[in-house]
Amino acid sequence: MGEATDSRAESAAWFVVIANGTDPKASVVAGLDGVREALIPLVLAGRADLSPDSLAGMLASLEDPALWAPHGAGDGRPYWHLWVPLEAGSVSIQRLTAAPPQLAAEAAQREAAILRRSLLEVHEALQALSRDLKNQRLTF
């Protein structure tokens with residue numbers, strides 16, 4: 001049970017995808033879906049021999065931690081590192097151990113904005129209630 005839970009959590013982690021070769025580039029992506037999105041154009045451009053079925057199979061197999069295992073255990077958690085050979089280079093995929101600081105800060109800012117909006121709604125409701133209570137005459 002721990003392995004499946006770890007795999008699910010790690011599949012949502014941040015990854016860096018690095019293209020090595022004639023058109024080098026790198027990107028930081030969120031989750032295995034982000035890895036797939038970054039990987040598709042790189043593999044299509046770098047593997048003329050790859051059939052659509054092979055590409056689909058490779059993308060589906062990214063979910064399997066066993067595919068990643070031969071490339072090192074790293075920190076012992078799933079999806080540590082993967083290497084994909086291309087005709088004129090390769091693609092390296094590395095799971096990050098923490099969210100990049102800027103991305104974590106942006107997430108914190110989004111959460112703070114949501115909290116501020118919620119608190120504003122509560123504040124407005126309390127003010128309306130206060131006005132209603134002031135306008136009522138209580139008789140005993």
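This is a predicted model: local features need pLDDT of at least 70, side-chain atom pairs count only at pLDDT 80 or more; totals for chains, interfaces and linings use all residues.
1. Now the overall layout. The protein chain has five helices and four strands, and along the sequence they come in the pattern α-β-β-α-α-α-β-β-α. Of the 140 residues, 26% are buried. The chain exposes about 9400 Å², with 60% of that supplied by carbon and sulfur atoms. If you take contacts between residues at least 6 apart in sequence, 46% of them join residues at least 24 apart.

2. On to the sheet. Its four strands are arranged as S2-S1-S4-S3, in an open sheet with antiparallel pairing. Which strands stand at the edges? They are S2 (25-30) and S3 (81-86); each has a single partner strand, so one side of each lacks a neighbour in the sheet. From one strand to the next, the twist averages 15°.

3. S4 pairs with S3 over six antiparallel bridges, and a hairpin of two residues connects S3 to S4. If you want to trace this pairing on screen, Leu-86 is opposite Gly-89 of S4, and Trp-83 has Ser-92 of S4 as its bridge partner. S4 also runs antiparallel to S1, with seven bridges between them; one place to look is Val-16, whose bridge partner in S4 is Gln-94. Five of the seven residues in S4 are buried, so this strand is mostly covered.

4. What packs on the sheet? Helix H2 does, touching S1 (14-21), S2, S3 and S4. The direction of H2 makes about 150° with that of S2. H2 itself spans residues 31-46, and Arg-36 is one of its residues.

5. Arg-36 is the residue I'd click on next. Is this arginine buried or exposed? Its relative accessible area is 14%, and because the limit for buried is under 20%, Arg-36 counts as buried. Setting aside neighbours within four places in sequence, Arg-36 is in contact with Leu-59, Leu-62 and Glu-63.

6. Then there is the charge pairing around that arginine. Side chains of opposite charge can pair when their charged atoms come close. Arg-36 makes a salt bridge with Asp-33 at 2.9 Å, N to O; the two are three residues apart in H2, about one turn of the helix. Asp-33 is exposed, at 55% relative accessible area. Arg-36 also makes a salt bridge with Glu-63, at 2.7 Å, N to O. Glu-63 counts as partly exposed, at 39% relative accessibility.

7. Finally, the salt bridges as a set. The count comes to five. One of them pairs Asp-75 with Arg-77, their closest N and O atoms being 3.2 Å apart. Both ends of this pair are partly exposed: Asp-75 at 31% and Arg-77 at 33%. As for Asp-33, Arg-36 and Glu-63, salt bridges with shared partners join them into one network.

Note on methods
Residues are numbered from 1 along each chain as its sequence is written. Side-chain values use heavy atoms; hydrogens and water are left out. Buried means under 20% relative accessible area, exposed over 50%, partly exposed in between (1.4 Å probe, protein chains only). Contact means heavy atoms within 4.5 Å. Accessible areas come from the Shrake-Rupley method with a 1.4 Å probe; for residues, only the protein chains shown count as cover. Two strands pair if DSSP finds at least two bridges between them. Axes are lines fitted to C-alpha atoms, for helices over the stretch in contact, and angles run from 0 to 180 degrees between N-to-C directions. A salt bridge is a side-chain nitrogen of Lys or Arg within 4 Å of a carboxyl oxygen of Asp or Glu.
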